[in-house]
Amino acid sequence: MNIYINEQQLDTKLDGETNLGQVLDEIQKWIESNGKYLRHFTVNGKELNRSDLNAVGVDETERLDLFVGEELDVIEDSLWEVDNYVDKVGSTLVGRDSLTEKETEDLKEGIPWIISMIRTTTKLLNLNLNLIQPMGKGKNVEEILESLQNGSEVLDSTKAIETFLEDLRDVKLFLMDLSTRLAVMRMDESELIEIISRFVDDKEKVIKDFMLVNENFQSGKDHLASEILNDAVGRLTGLMSALVSIQTRHAELDWQSLAIEDKKLTDVITSLNETLSNIASAMEKNDIVYAGDILEYELPELLSDFIPFLSLVLERVKV
């Protein structure tokens with residue numbers, strides 16, 4: 001039997017293993033000891049479930065292919081599976097007023113899996129689910145996941161299913177956001193540094209854009225204000241993802257203690273996230289006055305505090 005890892009033949013001999021389950025277990029231990037992860041595998045060119053491998057003998061296998069990647073690869077694979085599952089559940093439930101017993105049991109397994117994957121990914125990305133609202137309004141992700149879990153247990157009416165589907169759509173939007181963040185984390189370090197540098201260089205424009213949102217809302221140009229706000233928040237989201245990625249790649253630096261005078265980077269980031277959440281909450285309540293005050297006065301001050309930290313981060317990683 002020939003064993004390949006990422007299309008490269010593995011020069012190794014079996015040590016008494018008689019079935020593929022035993023072979024896979026031993027190779028997987030070796031893979032993980034090297035800080036890698038098994039993404040998927042094929043047997044003689046066909047994909048099999050792990051549970052089937054104990055019944056497949058080594059002597060009847062010509063080729064075993066294993067595909068290995070980094071932690072981000074595995075998470076990205078899992079998010080792709082979650083996204084497909086969300087689509088499948090959504091299309092199945094649209095227009096329904098009840099579920100079959102099997103569909104109910106499947107959801108009891110599927111929904112906790114979705115929640116677990118989202119929590120794992122957001123932990124890696126250092127995201128606070130209480131501060132993220134996928135629609136820019138309404139429930140935050142933590143509330144959505146809780147509602148999704150509770151809703152999946154009692155889908156016995158059209159109204160219950162519609163509420164569940166609303167939560168599922170918000171989860172879909174958040175999955176798209178996670179994919180974007182992961183894409184940033186995959187960038188070369190030079191690209192990440194460029195994102196941070198560009199934000200620092202364009203700081204005046206960034207602050208002005210947020211102030212323009214308030215001006216346009218006050219002028220009755222709500223559509224234009226929303227477009228400017230979404231674009232500005234998008235740039236800020238990309239920046240935060242780049243910053244998290246840089247910190248992850250340079251774990252040798254003590255980021256927790258990074259401070260300028262009496263302010264810490266972690267505290268500024270927390271305040272920034274809270275402020276963005278307050279803006280979203282004000283917009284949901286159609287409180288344009290409160291949202292405008294935050295955009296024109298609070299947020300520019302926070303961004304002004306944030307920029308020096310970004311410059312300091314750039315100095316540290318460029319050394």
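These are my notebook entries on one protein chain, looked up in a predicted model.

**Entry 1: the whole chain**

I started with the overall picture. The chain has 319 residues, and 40% of them count as buried. I found 10 helices and six strands in the chain. I then looked up the extent of the C-alpha trace, which spans about 75 × 60 × 30 Å along its principal axes. The chain exposes about 17700 Å², with carbon and sulfur atoms supplying 48% of that area.

Next I asked myself what share of the contacts with a separation of 6 or more comes from residues 24 or more positions apart. The share is 72%.

I also looked at the charges.

**Entry 2: a sheet of four strands**

In what order do the four strands of the open sheet lie? I read the order as S2-S1-S4-S3, with mixed pairing. The edge strands are S2 (8-9) and S3 (37-43), since each of them pairs on one side only. Helix H1, residues 20-33, packs on this sheet and touches S1, S3 and strand S4 (63-69). The direction of H1 makes about 150 degrees with that of S3.

- S1 (residues 2-5) pairs with S2 in the antiparallel sense, over two bridges.
- S1 and S4 run parallel and are joined by four bridges. Here I found Asn 2 opposite Arg 63 in S4.
- S3 and S4 pair in the antiparallel sense, and six bridges link them. Tyr 37 has Gly 69 in S4 as its bridge partner.

Is S4 mostly covered or mostly uncovered? S4 is mostly covered, as five of its seven residues are buried.

I also followed helix H2, which takes in residues 71-93 and lies across S3 and S4. H2 runs at about 65 degrees to S3.

Asn 6 sits in the loop between S1 and S2. These two strands form a hairpin with two residues between them, and Asn 6 in the turn has a positive phi of about 50 degrees. Asn 6 is not a glycine, yet its phi is positive. How accessible is Asn 6? Its relative accessible area is 36%, so I put Asn 6 down as partly exposed.

Asn 44 is in the loop between S3 and S4. Asn 44 has a positive phi of about 55 degrees, although it is not a glycine. I checked its accessibility too: Asn 44 counts as partly exposed because its value is 39%, which lies between the 20% limit for buried and the 50% limit for exposed.

I picked Gln 247 next, which is found in helix H8 (residues 222-249). Why does Gln 247 count as buried? Gln 247 counts as buried because its relative accessibility is 17%, and buried means under 20%. Which residues does Gln 247 touch, leaving aside its neighbours within four places in sequence? I found Trp 255 and Leu 265 in contact with Gln 247.

Then I turned to Lys 102, whose place is in helix H3 (residues 101-124). Is Lys 102 buried or exposed? Lys 102 has a relative accessible area of 60%, so I noted it as exposed; exposed means over 50%.

Last, I looked up how far Lys 102 is from Leu 253. They are 151 residues apart in sequence, and their C-alpha atoms are 51 Å apart in space.

Key. Residues numbered from 1 in each chain as written. Predicted model: local features only at pLDDT ≥ 70, side-chain atom pairs only at ≥ 80, totals over all residues. Heavy atoms only, no water. Pairing = 2+ DSSP bridges. Contact = heavy atoms within 4.5 Å. Axes fitted to C-alpha atoms, helices over the stretch in contact; angles between N-to-C directions. Buried < 20%, exposed > 50% of the residue type's maximum accessible area, 1.4 Å probe, protein only. Areas by Shrake-Rupley, 256 points an atom, 1.4 Å probe, with all protein chains shown as cover.
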